[in-house]
Amino acid sequence: MRISYRFLQHYIDLKDISVHEVAEALTMLGIEVESVYDLGMVSGNILVARIEKIDPHPNADKLTLCTVDAGKRGVFKVVCGATNINPGDVVPLALPGAVLPNGTVLRKARIRGVESEGMLCSGAELGWNDDATGILILPESLPVGEPFDALLEITITPNRPDCLNMVGIARELSARFRRPLHLPVPRFNEITTPADSLARVSITAWEGCPRYTARIIRHIKVRPSPRWLVHFLESAGLRSINNVVDATNFVLLELGHPLHAFDMDKLAEHQIIVRWAKDGEQIETLDGVKRTLTAGDLVIADPQKVVALAGIMGCGNSEISDSTVNVLLECAYFTPATIRRTAKRLEMQTEASYRFERGTDREKMTLALDRATELIKELAGGEVAKGFIDTFTPWTRPHPVSVEINKVTSLLGIELNGREIADNLARLGFELVSSDRERLRFNIPSHRVDISRDVDLIEEVARIFGYEKIPVVLPYIQSVPAELSLGERIEKILSKELVGMGFCETINYSFVSTRQVRELGFPADDLVGILNPISRDQDVMRPSLIIGLINNFIHNLNRDVYNVRLFEIGSSYHWDSSAEDGYKEPRWLVAGMCGSVVENWLDGEREVNFFDIKGVAENLLSALGIKRYNIERVKQIHWLHPGKSAQFVARGERICWFGEFHPALSSKLGIEQRLYLLEMPLWIVEKVAELRPTFKELPRYPATRRDFAFIVDEEVASLQIERSIRQIGKELVENVTLFDVYRGEQVPPGKKSLAYAVTFRAPDHTLTDAEVNTLQEKIISTLKKQLGITLR
C-alpha cells in the first residue's frame, strides 16, 4: 500500500516530524515500511511551484522558457518541451541536486543556448503516475515553495486490516506521537423522500452478507473529478474514472471500507438481491472478462440479472456512465471466507477484495456510506434521499477482554501501573470498562478484528510504549541438553557429509502442482490435496522430494549455472487409510549433481557420471556405519535411466537408489545436461544404520594385490563376479574393486571386459606367493564354470 506523507497530514499534524521519523515509528509499531520515495520532503529539491510566464525559446520552436515562482526559494527560469502547461498552473519543480525515483541526478544544463535552472516534472518522472505525455499539474491548493511530497510503500500483515487506509495509519501515529486524530465528519442535507421508498434490498445469502446498507442520490451529474481528488488517488496508485466512482475509491483509501455505486436506473425494479450464484451462471465484469460462477460465489443481483460479483468487482450492465442520473450507493459487509474463496478461484484480486478478505468494520459502515454520499453530493450535485436502507442479521459484539496488571509486567519486563496501561490502550480506541488493583477490563474497538485475548492487549501496550524502550535483559532459562532421536542424528550426519562433499542444501515448499506430478510420472491416486491452495501450481502436497529438486536444477540451468550439487531432507505426503490420521509423512533424502568435476590437476575436467553419484551413495552409507550391503539393478523407479542406475540393499531392505535421470523425462522438461540423482528412504535406513563406532585392530601382516581382467557376456553383472570372488576366497579376500570397464576392438561383440583389483590378506600369517597363486587359479576356474568368463 502506498501512502502520501502530505495527504497523511490531513488526519494528523506531522509538520515537525520528518518522513524518516514517521517511517521509523511505523516500523516500531509493527507496520513494515518497504521503501520511502523522496519527492522533495527529505531533500528539499523538489518543490511546489507556480508558472508565472511562458515565453518562446529563442533558439527552438518546440521548446518554451518558463518563469517559475517557488516562493521563498526564488524565481527560476526553466526550459520545457511540454505543451499542456499554462501560466498560473501549479507544478512540481525539480532543482539541481534533486534525485528522481529512477536514480537520475538533476544538474544545471544549457539547452539550445539557454540555461535551465531546473526541470518541470511529469508524473512518470516522479513515479507518481504513468503519464509521460506532459507536466504533472497539481491542485491549486498546494502551498507554493514547499517541498512536494514523499511516498511511503508499506506492507500490512493480514491480521491488521484496520491499517489498510489513511485513517488507520494516522490512528497508529496518533497513539505513538500523542497527537490528536482528525476524523472526517460527514455533513449533507437530505430531502424528505425516504430512501426505502425508492429502492429495495433483500438478502437470501446471510452467511455471505450479514449486513447491506445503501443510500439513494438522485439527479446527479457525472463529470471528471477535480484535480485534488485525482491527485489523491494517484498518490495511492489508482487512476481517476469519474467523480462518482472516484468518491467511492477515495473513501476506500481514507476509511478502508470498499463501496460500489450502481446506476439505479439500470437495476430492474430498483431492487437489489444479495444471493448465491447459480452453478454455471455467466457474468461479464467491469474488466470485460466473461466469468463462469459456481454455487459458492456471492453475487449482487436485481430480479433479472447479476449486477456485481460481491466484494470483488461490478458488472458493466450497471456501471456509472456519463448518462447516469440516479445512484444507488452500496456499503456492505461480506464475510472474509466467502470473498477469499471466490477471488482465489477466479484469480481476481482487487482493492475491494483485498480488504474484504481480511475483514472490514461492520459497525462503522454508516460512516463510510455517509462520507461517500457527502463527496458525491459535493462533486456531482443532486439530492440525497432521507435515511438509508439497512438490511442485516443481528450480530454479537466481542466480549470485553480482561488483562492482569502483573501479567503485563511479567511478559514485557517493565513496570507499568494500571493508569499507564489504560492510557496506552485508550489512544488506540480501547475503552476501559472496569478496573481494580489487579486487572483492567476493556471493550475492543470494532475495527480491531485481531484482538481477542489478554496477550493481544499486552502486545498493544508494548507497541505504543515502544519496543525500543523495553530494556534488553537475558531471561533466566534452565538449559537441559536435548537428546536427538535416531532419525534426527541420521539426518544431521547425512547433511554434514553431503556439505563436506560440496553439496548445497535446498529447502523447497511442500506444495506442488498436480500437473507436474503427472508430468514426472508419479502416481496421482494417493495425492494429498489442499482445500484452499495458494495457486494452481501449489494445489497438492508433494508425493516425492525429487519434484522440487528437479525444479531447482531447471532454475539453475536456465541461468547458465551448470555445475550444480544439491540435496534436500524432508517429508513426502500420501493418503494411507491404515494411518491414525489418514495419511503418512515418510522422511527422505534426495541429492543430485550435474556438470563437471576435476579429479586432479593433470587430467583436467570431466563430465559427472554414474560412478560419481554411486560414490556419493557409498560415502553416505559409510558415514552411517552401514558396511554390509549389496548392489543390484533398480526396479520400479520410473525416473531413473533403466540401464544407468542401481540400488543398495542391506538386510533385505532397499536403502538407496541412484543413477542418471531418465532421458525421456529430461527431454520432456527441456533439460539438456545429464542429471544424476540419489534417493534414500530414511525410515528404512534407521533399521540398518550402525551409529555406534566400532574399532578393528590394525592388520599385523601385509596384504597382496592381484589384478584380473575378465571377458564376460554383457548381461553378467559385476556384482555376480564380486560375490563369487568373495565366496571363493572367504576370509582371505579383504577387498574387491572394479577399476575398469572396456568395450572395443579387442573384445568380441556382445562381450565386455571387467578389470578387478583383489586384495588378499590372512589374519594370522603372511600369505606366500604359492597360496595366492592357488587362490587365483581357483577364482579363475570357478568363474569360468559359473559365469563362462575368460581371461583377457
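Which residue of β26 stands opposite glutamate 431?

Modeller: Asparagine 443 stands opposite glutamate 431. The model is predicted: local features need pLDDT of at least 70, side-chain atom pairs need 80 or more, and totals for chains, interfaces and linings use all residues. Numbering starts from 1 along each chain as its sequence is written, and side-chain values use heavy atoms, without hydrogens or water.

Now the pair itself. Strand β25 covers residues 431-435, and strand β26 covers residues 439-443. (Strands are DSSP E runs of at least two residues, helices H or I runs of at least four, numbered from the N terminus.) The two strands pair in the antiparallel sense, over 4 bridges; pairing takes at least two DSSP bridges. Between β25 and β26 lie 3 residues, and the two strands form a hairpin.

Next, an open sheet. Five strands run in the order β12-β15-β18-β19-β20, and their pairing is mixed. The edges are β12 (200-203) and β20, each pairing on one side only. Inside that order, β15 (residues 271-276) meets β18 (residues 298-301) in the antiparallel sense. That contact also spans 4 bridges. Here tryptophan 276 stands opposite leucine 298 of β18.

β19 (306-309) and β20 (313-314) each supply at least two residues to the lining of the second largest pocket. So do β14 (260-263), α5 (243-255) and α7 (351-358). α5 gives the largest share, with 4 residues. In total, 31 residues line the second largest pocket. Those nearest its centre are Ile241, Val245, Asn249, His260 and Leu286.

The largest cavity is lined by Met1, Arg2, Ile3, Ser4, Phe7, Met166, Phe232, Ser235, Ala236 and Leu253. β1 makes the largest share of the cavity lining, 3 residues. On a 1 Å grid over protein atoms alone, a 1.4 Å probe fits in a cavity but cannot get out; a pocket is open, with protein on both sides within 12 Å along at least five of seven lines, and lining residues have an atom within 4 Å of a point.
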